[in-house]
Amino acid sequence: MPKFVYLFELDSVRKTDQEIEIGQKALYNEIVCNGNVVVLTYNQLVDSRGFFSLLDVPQYYDNIIKLFKNGAIRISQYEEIRTIAQYLINSFDYDKEFIYSGWPLKSTQKRLLALIKRSLIYSDLSEINGYITGIRSDEDIKELFIEVNADKDHELCNTALSLDDCKEILKELYWLIKTVLRLSAMHSIYIPPRDTSEYKDLKFHNILDVVLEFKSNGIDGLWDAAADIIKGLKCLGCDNRSVYIHEIKNIYDKQSSCDKKVFQYAEAIINLVYNYACEISICNISKHYNIGELAAGCDERVTFESDFFCRLDQYWGLGDLDNRFLTGETNAFDGFSNIKAVPDFAKAVRITEYSGEEKAVERRSIQRYEYNIQTQRKNHVKCVMKSIGKKIGLSAFYIFVACMLEFSFQFLQSVVDNSVEIDITIRNIVETIFFLIFAEEITTFLSNRFSGLMSLSEALGGIGRLTKDGFHILFRKAKTYINDCKDNIENKEELSEGIMIDCIKSDAIRKYENTKKEKNYSALFKISKIYPIADTTDSAILKNLLKLEELYNYHFGIVYKSRFNMMCVDPIIDSNGGYFPYERIIPTAGNGVVMVTKHNSNFVLLKQYRHASRKIQISFPRGFGEMGIFSKENAEKELKEELKATISQPPILLGQIYPDSGLTSSCVDVYLVEIDDYLQKDVYEGILEIMELSDREFRNMINQDAEQNLFDDGFTLAAYALYLGDGNITNK
């Protein structure tokens, strides 16, 4: 019985010509020699040079599509992602670090990413076509490739690519998007995702923890140094491979002198661990090791350790390190030109058609890859040869039919010869034509009436091909990876039924779930009996929430996020067990600040136009929280920016206020700040005037401001109340 297999050789980061050839041969051998079904992850297909650089070759594309249709290649769905188009759309999140190995694309090219995302969401290639056909200006094209540097306060950087390079890249992207949309429409090629609860403790970081416990295997003395680099990464514990690779490369780039091989080896380890995580996430894959060895607390990991280091040796041993590791992102798209090095997948298609007659056997467990592998291969060859034998037998039958027809024609010829004198040449031509037409018509009639039969031309044309295919399957040696460790080879894994994808999470809900997991925000989602928050990870609840969004135009989740705030719409459970949206503003960069600012015993206030209320107000200086600095430092920074102030003493914390607990969770720190001087002529952020008021003038203005309504800023009034409560009231 064929096994489901996952091929490490088809990993998207294996992009050199040598690696592509190895991956293609591994794919061919599993299908042809072993009769197995190769299951791909989304990134192996859609982000792999090994596939996408070849799919523009018509014969390769046609044969791969046929292998999908014949069931020899499948794609595994993951979590709630149904298609490869959806997989790509999810990767285009603005803040997501994602390495596009097979696309001429960088994650920093935000406008280009947005264009591709729109094309996939709306299945619309007209917009990108406008850039290719000249509807858009040259300046518009170049602007698509502007890069955004998040590490430098979102600094914009123009591309170094020429205009011609940009146009060529857009043509490549057009074709890639078109291919993705075609494949996404082939619903039969997907297998359902594995329930995440079945491997919740076997994620990327769990496997990496196991691997880092291994001792050195003696490869150039690199293991210990590479393991130390990985153990020191800030991202250790996350499950995003791209984040690890980015950080490893960034560390290497910042070091003036270091052993490059160590960092390359660390990346190789990360890539290998990622493939194990992918393999485990797919339903019913026959693995080369015993999965139970990865369980927490397991003392014996002999089959997994053997498999890991054997694969690592092979992966590292391919050489060409500088073109395979620490390469970074690029807009280059290199096609694979040596098509002759790729196996004949037309033959693979025929082999799957021959073996398709084998009766399916219901699976009851998942066997290790090496279990009974030789018997499996023999049975596969036997099945293929049996099918080929039948087809050759049918061809022989048609040859027999043709011979009978030939005898009939000879009889008719003798009758005609006795009665009519015809030139022998003309007679032979007419006889041959009639024989071929008559034989073809009869055999075509039979093939249309009975499935499995063929016409004479098909039989005669196929007999040579059938013979060649028979010799090929009989004498081709299976060159597939085998784990030499034979311990516990009969261990079996429990069958996974997979799960049905009932609904697809919106980006807003996905971001909401990620936000709830972050330590900085966990307190804002604590359990409350008064306003209980629904669990969006529960599929039944999620379906109800999505239904409400469609019925009432609700929008649950994180619907907007900036460097200062995010708009969060919580799904609240009502008294009847239903759900309703409750929106709030959550700060993304810590507490805001309000400064009760004093100069020569007077209050310093700003007469300022406020955008939110679209009106002028008089208020103390204030500011949003800033990422990476404490609020006291932020208070000083705001005064220096707005007033160019010289601060005489460190700010004194007066207390905290929640300005609008019905709408926002933000907390504002109130400081008393004494300044020596300030620049009064600058206009900053809508500041119309800088005012100095004594305490008496301050209170009088509050009491007498009914007509102009300028002294109604809630931050200022609350800050002044804290100032008074701190014993600073005077009789001035």
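This is a predicted model: local features need pLDDT of at least 70, side-chain atom pairs count only at pLDDT 80 or more; totals for chains, interfaces and linings use all residues.
## Nonpolar cores

The largest nonpolar core contains 74 residues, and Leu-27, Trp-103 and Leu-120 have the most contacts inside it. Helix H9 (residues 163-184) supplies the largest share of this core, with nine residues. Another core lies apart from it and has 55 residues, including Val-243, Ile-270, Leu-294 and Leu-312.

Neighbours within four places in sequence left aside, Leu-27 is in contact with Leu-7, Leu-10, Val-38, Phe-51, Ile-64, Ile-73 and Phe-345.

## Aromatic pairs

The structure has 36 aromatic pairs. One of them joins Phe-8 and Tyr-276 in an edge-to-face arrangement, with 4.9 Å centre to centre and 75° between the planes. Phe-8 belongs to the loop between strand E1 (4-5) and helix H1 (17-32), while Tyr-276 belongs to helix H13 (residues 260-281), so the pair ties together parts 268 residues apart in sequence. Phe-8 has 2% relative accessibility and therefore counts as buried. Tyr-276 also counts as buried, because its relative accessibility is 0%.

Tyr-60 and Phe-345 form an edge-to-face pair, at 5.6 Å centre to centre and with 90° between the planes. This pair links distant parts of the chain, since Tyr-60 is in helix H4 (residues 58-69) and Phe-345 is in helix H15 (residues 345-355), 285 residues apart. Both Tyr-60 and Phe-345 are buried. Phe-345 is also one of the contacts of Leu-27 listed above.

## Ring cluster and charges over rings

Phe-8 and Tyr-276 are also members of a cluster linked by ring pairs. Its members are Tyr-6, Phe-8, Phe-214, Trp-223, Tyr-276, Tyr-289, Phe-304, Phe-308 and Phe-309.

Two arginines are placed over aromatic rings. The charged end of Arg-14 sits over the ring of Tyr-315, at 4.1 Å from the ring centre. Arg-584 lies over the face of Phe-525, 4.9 Å from the centre of that ring.

## The E9-E10-E11 sheet

Three strands make up an open sheet with antiparallel pairing, in the order E9-E10-E11. Strand E9 (557-561) and strand E11 (579-587) are the edge strands, each pairing on one side only. From one strand to the next, the twist averages 20°.

E9 and strand E10 (residues 565-573) run antiparallel and are joined by four bridges. Gly-557 stands opposite Val-569 in E10. Helix H19 (residues 507-517) lies across E9 and E10, and its direction is at about 95° to E9.

Technical notes. Residues are numbered from 1 along each chain as its sequence is written. Side-chain values use heavy atoms; hydrogens and water are left out. A nonpolar core is a set of buried Ala, Val, Leu, Ile, Met, Phe, Trp, Tyr and Cys residues joined through side-chain atoms within 4.5 Å. Buried means under 20% relative accessible area, exposed over 50%, partly exposed in between (1.4 Å probe, protein chains only). Helices (H or I, at least four residues) and strands (E, at least two) are DSSP runs, numbered from the N terminus. Contact means heavy atoms within 4.5 Å. Rings of Phe, Tyr and Trp (its six-membered ring) pair if their centres lie within 6.5 Å; planes under 30 degrees apart count as stacked, over 60 as edge-to-face and the rest as tilted. A charge sits over a ring if NZ of Lys or CZ of Arg is within 6 Å of the ring centre and within 35 degrees of the ring normal. Two strands pair if DSSP finds at least two bridges between them. Axes are lines fitted to C-alpha atoms, for helices over the stretch in contact, and angles run from 0 to 180 degrees between N-to-C directions.
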